[in-house]
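Take a look at the sequence and the fold below. Then follow the report one piece at a time.

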Amino acid sequence: MTLEATDVSHGYGNETVFDGVSLSVSTGEVVAIIGPSGVGKSTLLRLLALFDAPDRGTISYDGEDVWRQPEGRRLEHRRRIGMVFQDASLFDASVRRNAAYGLRVRQSWPERIRHGFAQLVGEQNGTGDAVEALETVGLADKVDQDADSLSGGEAQRVAFARALAYDPEILLLDEPTSDLDPRNTAVIEDAVLQARDRGIGVVVATHDMHQARRVADRTAVLLGDEILEVDRTERVFDDP
Ligand code: ADP
Ligand code: ADP
């Protein structure tokens, strides 16, 4: 499976964020998008997540131009893509319920997704995959704890577990470790590599080139309003 942005341009109002950017991610690889803050990494992730349509260019999933599909088909594609936002945005419930949120969204798609939230978080069973995902980020012993009681790093790990439990083909991570200490960072980076080894395609937006070196098979450098380079990570960082 390949998710691909081809020659996309996007902006807000009259401001263009980037112009003519192309990037793909396939299952079983990690692709980093690096670039300074404000350059458009989140914007590109939102396009890849099928949240927003690009102003120009195409986003395709397995060769299908998703914005030329009927909405139902596009939602099917979207369901195969998980995204972790920069802030964990956990809700006030147990760690288990937070991690299982995506699972329930998935089970109830599409009829209930808009209005079934309370119902969904009230449900108790069917959380097996959520616990497994919590194990991946080393939080299996905290399943019954209140999400409010977690540290920032643990909360990010739960957000990651929630995306994993959703069983995506493609996982998009927006600055997944930006405020985290080295220990929490290492847990998340390790979980990224485990996800890749299980066949998930991962895109990590980061301003940290060391992170790209540690986890990414390929790296895209976003600078100005274009992608400067996309290549094997070691070649991107190899000074000629
Ligand atoms: P990055 O993730 O690399 O920090 P963003 O994609 O968040 O960059 O932002 C790129 C540019 O687009 C910035 O100048 C930002 O201020 C602007 N921007 C992002 N989101 C919006 C929005 N919803 N409305 C208007 N401008 C936005
Ligand atoms: P809507 O977009 O119609 O508000 P949502 O299901 O997106 O419906 O959101 C309903 C409520 O659930 C909101 O208060 C939102 O903050 C919260 N919520 C949505 N998604 C998540 C999530 N992944 N994790 C935690 N809370 C969420």
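Which backbone oxygen does the side chain of Arg218 reach? It is the backbone oxygen of Ser24, at 2.7 Å. Keep in mind that this is a predicted model.

Arg218 sits in strand 9. Is Arg218 buried or exposed? Its relative accessibility is 17%. Buried means under 20%, so Arg218 counts as buried.

The side chain of Arg218 has a second polar partner to look at. A polar contact of 3.0 Å links it to the side chain of Glu29. Arg218 also has a list of neighbours, leaving out residues up to four places away in sequence. Among them are Ser24, Val25, Glu29, Val30, Val31 and Ala32. The list also includes Val230, Asp231, Arg232 and Thr233.

## Strands 9 and 10

Strand 9 covers residues 218-223. How many bridges join strand 9 to strand 10? There are 6, and the two strands run antiparallel. As one example, Thr219 has Asp231 in strand 10 as its bridge partner.

The two strands form a hairpin, with 2 residues between them. Gly224 lies in the turn and has a positive phi of about 60°.

Thr6 stands opposite Thr58 in strand 4.

Strand 4 also pairs with strand 5 (residues 64-65). Here 2 bridges join the antiparallel strands. Tyr61 stands opposite Glu64 in strand 5. Strand 4 and strand 5 form a hairpin with 2 residues between them. Asp62, in the turn, has a positive phi of about 50°.

Helix 7 runs over residues 182-197.

Which residues of helix 7 are buried? They are Asn184, Thr185, Ile188, Glu189, Ala191, Val192, Ala195 and Arg196. Seen down the axis of helix 7, these buried residues fall within an arc of 155°, so they line one face of the helix. An α-helix has 3.6 residues a turn, so residues three or four places apart point the same way. On the other side of helix 7, Pro182, Arg183 and Asp197 are exposed. Just after helix 7 comes Gly199, with a positive phi of about 100°.

## Gln211 in helix 8

Gln211 belongs to helix 8 (residues 209-215). Its relative accessibility is 3%, so Gln211 counts as buried.

What does Gln211 touch, not counting residues up to four places away in sequence? Its contacts are Pro176, Thr177, Thr185, Glu189, Val204, Thr206 and Ala216.

## Positive phi without glycine

Asp7 is not a glycine, yet its phi is positive, at about 55°. Asp7 is part of strand 1 (residues 2-12). With 45% relative accessibility, Asp7 counts as partly exposed.

Ser89 is not a glycine either, and it has a positive phi of about 40°. Where is Ser89? It lies in the loop between strand 6 and helix 3 (95-108). Its relative accessible area is 43%, so Ser89 is partly exposed.

Notes. Residues are numbered from 1 along each chain as its sequence is written. Chains are lettered from A and ligands numbered from 1 in the order in which they are written. This is a predicted model: local features need pLDDT of at least 70, side-chain atom pairs count only at pLDDT 80 or more; totals for chains, interfaces and linings use all residues. Side-chain values use heavy atoms; hydrogens and water are left out. Two strands pair if DSSP finds at least two bridges between them. Helices (H or I, at least four residues) and strands (E, at least two) are DSSP runs, numbered from the N terminus. The expected span of a helix is 1.5 Å times one less than its number of residues. Buried means under 20% relative accessible area, exposed over 50%, partly exposed in between (1.4 Å probe, protein chains only). The arc is that of the directions from the helix axis to the C-beta atoms. A polar contact is a pair of N or O atoms within 3.5 Å; within protein, one must be able to donate a hydrogen and the other to accept it, and residues adjacent in sequence count only if both atoms are side-chain atoms. Contact means heavy atoms within 4.5 Å.
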